[in-house]
Amino acid sequence: MNKLLISPSPHVHSGDSIEKNMYGVLIALIPAFICSAVFFGTGVFVVTLTSVVACLAFEFLIQKYLLKRQPTIFDGSALLTGVLLAFNMPSNLPVWIIVIGALVAIGIGKMSFGGLGCNIFNPALVGRVFLLISFPVQMTTWPRPLGFAGSYVDASTGATPLAILKEAVKSGTPISQIMSTEEIPGYREMVLGNMGGSLGEVAALALLVGFVYMLLRKIISWHIPVAIFATVFVFAGILHVCNPEQYASPIFHLLSGGLVLGAIFMATDYVTSPMSHKGMLIYGIGIGILTVVIRVFGAYPEGMSFAILIMNAFTPLINRYCKPVRFA
C-alpha cells in the first residue's frame, strides 16, 4: 500500500514572501519620498537615512547580542520601519532624537514582543508617539516647503494646517475666516504637498499613487484605507453640516495631517491589523472615528497615530469576534 506523505502547511504557496511584500511597500513610498524631497530639500535625506541606518543597526544588535539569534535585517521589515518612522518626522529633526525614536520603535515596539510577527503595535508609530510626547517642541516645529533650496539646519518653520485651525477654533475665530487667509493652503496645494508637515504628511496624490500600486500588486486590500476615508468623510461631514463655522469640511480632514499616510501605509500593517475583511472594515471605521474625535475634541491637532495604536490594541478582540465558523 502506498502511503500518503503530507508536508507541513502551507500546501499551496502563493509566491508571496516577507521580503517581496516589504520591498513592495517601499517601492510604493518612492513617489511620496520624491515629492517630500522636492518640497523640503536636504533635510529629507538626512532624516530618512539616519532613521533607516539606526533601525537596521538596533535590530541587528538586539537580535545578535540580546536575543542570540541570526539577524534578519535583510527581510525589509526594519528598513520599512525606518522609512515610515522618518515619514512621521519633520525634516529638521535633530539626529540624536531620530536615533532615540529608532531605538524605541525597534527595541520597544518590535523586538521586546519577540520580533516580526509578534509585535502588538505598529513599531514606527510607537517611536513617533514616544518622540511626540517626549520632545513636543522639536516634533511640532514644521519646516515650510522651500524646494531643494531648503536647508536641514536653517529651515524656515511654521504650523501645519491642522495646528493653525485648532488654534483658530480655540480663539473663537470662524472657520470661514481662517480658511480664507494665506495661512491655510488650498486643496490644490494640499493634494500636491505644498504645505508644512512631516515628510509623509505632504503630497496626498503621491501617496494615493502608492496605494494604487499596492492594490494592483495585491500587497494590501482596499478595506482598511477605504473604511478610514469613508468614516472620516461622513463623520467630519456631519459635524461640518451641523456647524460649518466651528468644524472644518471633510475634504480638509482627508487631505490634512497624516491621515492619507496612516490609512494607506500604517493602518494596513499585516501584524497589527485584523485578518478578515469584516474585521478590517470594523478596524478602519474605529480609526476614522477616533481620528476625528481627537482632532476636533482632543488636545492634539492630529489624531491619526493615536487612533491607529488604540485600534491595534483592539485587533485581537476584532479577530476573535470575526473568526469564521468552523467546519462541521
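1. Thr-231 counts as buried because its relative accessibility is 12%; buried means under 20% relative accessible area, exposed over 50% and partly exposed in between, with a 1.4 Å probe and protein chains only. The model is predicted: local features need pLDDT of at least 70, side-chain atom pairs count only at pLDDT 80 or more, and totals for chains, interfaces and linings use all residues. Residues are numbered from 1 along each chain as its sequence is written, and side-chain values use heavy atoms, with hydrogens and water left out.

2. Thr-231 lies in helix 11 (residues 223–242); helices are DSSP runs of H or I with at least four residues, numbered from the N terminus. Apart from neighbours within four places in sequence, Thr-231 contacts Gly-284, Ile-285, Gly-288 and Ile-289, where contact means heavy atoms within 4.5 Å.

3. The largest nonpolar core has 88 residues, and Met-214 and Phe-265 are among those with the most contacts inside it. Such a core is a set of buried Ala, Val, Leu, Ile, Met, Phe, Trp, Tyr and Cys residues joined through side-chain atoms within 4.5 Å. Helix 1 (residues 18–40) gives this core its largest share, eight residues.

4. Met-214 touches Val-25, Ala-28, Ile-219, Ile-220, Ile-264 and Phe-265, if residues up to four places away in sequence are not counted.

5. Which helix holds Leu-215? Leu-215 sits in helix 10 (residues 204–216). Leu-215 is partly exposed because its relative accessible area is 30%.

Notes: Helices (H or I, at least four residues) and strands (E, at least two) are DSSP runs, numbered from the N terminus.
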